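Here is my note on this structure. Please read the points beside the coordinates.

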Amino acid sequence: MTEVKEFLSEVMESTLPHFLTKNSSVGQWLEQMSVIVWREDFWLPDGVGWHDLKDTEDLHFPKFYDVWIYPILLALVFLMIQNQWFEPRVLMPLARSAGLRSRPPPPEPRPVLENLYRHHKMRPPPAALEKAARIANMEVKQAEQWLWTHHKSNRLTKFDLFVNSGSCFAYHSTFCIVGGVIMYRKPWTWNTALCWQDYPFHNLDSDVWWYYILVLAFYYSMLITETLMPRRMNDGRIKMLLHHLTTVFLMSFSWVCNLVRVGTLVLLVHELADVLLMVAKMCFYAKKMFFANVTFGVFLLVWVITRCGFYPFWVMRSVFLEGTTYMFMPSAYVFMGLLTGLLILNLAWTILIFRTFLTSIFQRKELQELHPDSNVEDTDEEMKKTE
């Protein structure tokens with residue numbers, strides 16, 4: 001893997017300068033912007049310049065282009081493997097064996113009915129429906145069936161969400177295991193003061209490089225998937241996009257500042273709860289409610305321990321109490337603000353989870369009420385009604 005990384009770096013370093021010399025005006029503009037954006041007094045501690053952070057035989061530093069080229073390329077590879085092999089060969093058969101049905105295929109294109117659906121969705125006026133059916137040379141019942149099929153083919157179902165949760169489970173469980181193995185061997189895991197001593201002259205180990213870039217690639221792939229995914233009934237697209245964009249920005253910012261050591265600790269404490277959440281979702285979609293309830297209970301416990309315990313009292317304590325003795329530049333305070341925002345987000349989710357969980361207990365509601373996609377359309381039930 002080290003050889004692959006070095007080869008890609010050589011390609012980038014040899015290609016970009018060649019492009020800029022052929023486009024001198026572009027090169028001059030980029031150089032002017034670079035002076036403004038990469039001010040040393042913002043990004044680096046006093047007395048340290050960018051020239052001090054060039055690779056040597058003993059020290060290798062993060063490079064800015066690493067986080068906006070390699071993760072995007074790897075995200076496309078992830079999506080290709082996910083959509084061409086893992087989901088069709090593994091997750092979709094598993095979903096069908098659990099009794100879930102996929103979305104029906106889209107109906108034959110009918111412009112007049114598409115226009116009717118665009119204006120009235122599933123409740124067109126009877127006169128408009130009869131007129132559209134007559135123009136389409138169809139019976140009214142056939143037109144109604146066309147509208148239903150068109151509607152269902154563009155909506156998420158529990159089958160889709162089961163498959164999506166299965167993919168996320170594979171990613172999160174892999175990163176949880178790999179991250180645990182990598183971080184177990186890192187001295188700053190056991191002594192967080194090492195996240196700051198000799199900053200910013202921290203060597204970027206090859207395994208940490210791959211860990212960080214692969215996790216970032218996953219979130220890029222999730223941005224693409226969420227953008228292209230059909231709408232939910234209660235569309236949570238904006239919330240998920242904001243979550244993924246925030247994660248990408250936080251990881252990229254820490255990379256540029258070479259705050260990768262503390263960044264790996266943030267990743268470490270956030271992964272395990274996501275693994276359990278994905279398992280609970282899959283059980284819920286498959287209507288295995290006993291296993292969903294048990295897994296959700298374990299998830300809730302792990303969530304509180306990791307995101308409300310380890311994160312503020314281990315990671316953030318190190319940042320605010322140990323880190324501030326080594327770094328005073330403006331970028332450090334921006335980083336602290338981002339970490340604080342993440343803590344506020346975690347606490348807000350915790351309050352929401354506990355509120356809905358307690359409501360479900362006292363009002364005897366099902367776990368379905370606890371899930372943000374709980375009102376997703378159930379194609380299985382609708383199909384049974386029409387058969």
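1. Rings of Phe, Tyr and Trp (its six-membered ring) pair if their centres lie within 6.5 Å; planes under 30 degrees apart count as stacked, over 60 as edge-to-face and the rest as tilted. By that rule, Trp-38, Phe-42, Trp-43, Trp-50, Phe-64, Trp-68, Phe-249 and Phe-253 are linked into a cluster. The structure has 24 aromatic pairs.

2. A word on the basis. The model is predicted: local features need pLDDT of at least 70, side-chain atom pairs count only at pLDDT 80 or more, and totals for chains, interfaces and linings use all residues. Numbering starts from 1 along each chain as its sequence is written, and side-chain values use heavy atoms, without hydrogens and water.

3. Phe-61 and Phe-201 have ring centres 6.5 Å apart and planes at 70 degrees, so this pair is edge-to-face. Phe-61 is buried, with 5% relative accessible area; Phe-201 is partly exposed at 34%. (Buried means under 20% relative accessible area, exposed over 50%, partly exposed in between, with a 1.4 Å probe and protein chains only.)

4. Tyr-171 and Phe-175 are stacked, 6.4 Å centre to centre with 20 degrees between the planes. Both lie in helix H8 (residues 158-184), four residues apart. Helices here are DSSP runs (H or I, at least four residues), numbered from the N terminus. Tyr-171 and Phe-175 are both buried.

5. Helix H4 (residues 66-97) packs on helix H10 (residues 206-228) at about 65 degrees, with axes 7 Å apart. Axes are lines fitted to C-alpha atoms over the stretch in contact, and angles run from 0 to 180 degrees between N-to-C directions.

Methods
Helices (H or I, at least four residues) and strands (E, at least two) are DSSP runs, numbered from the N terminus.
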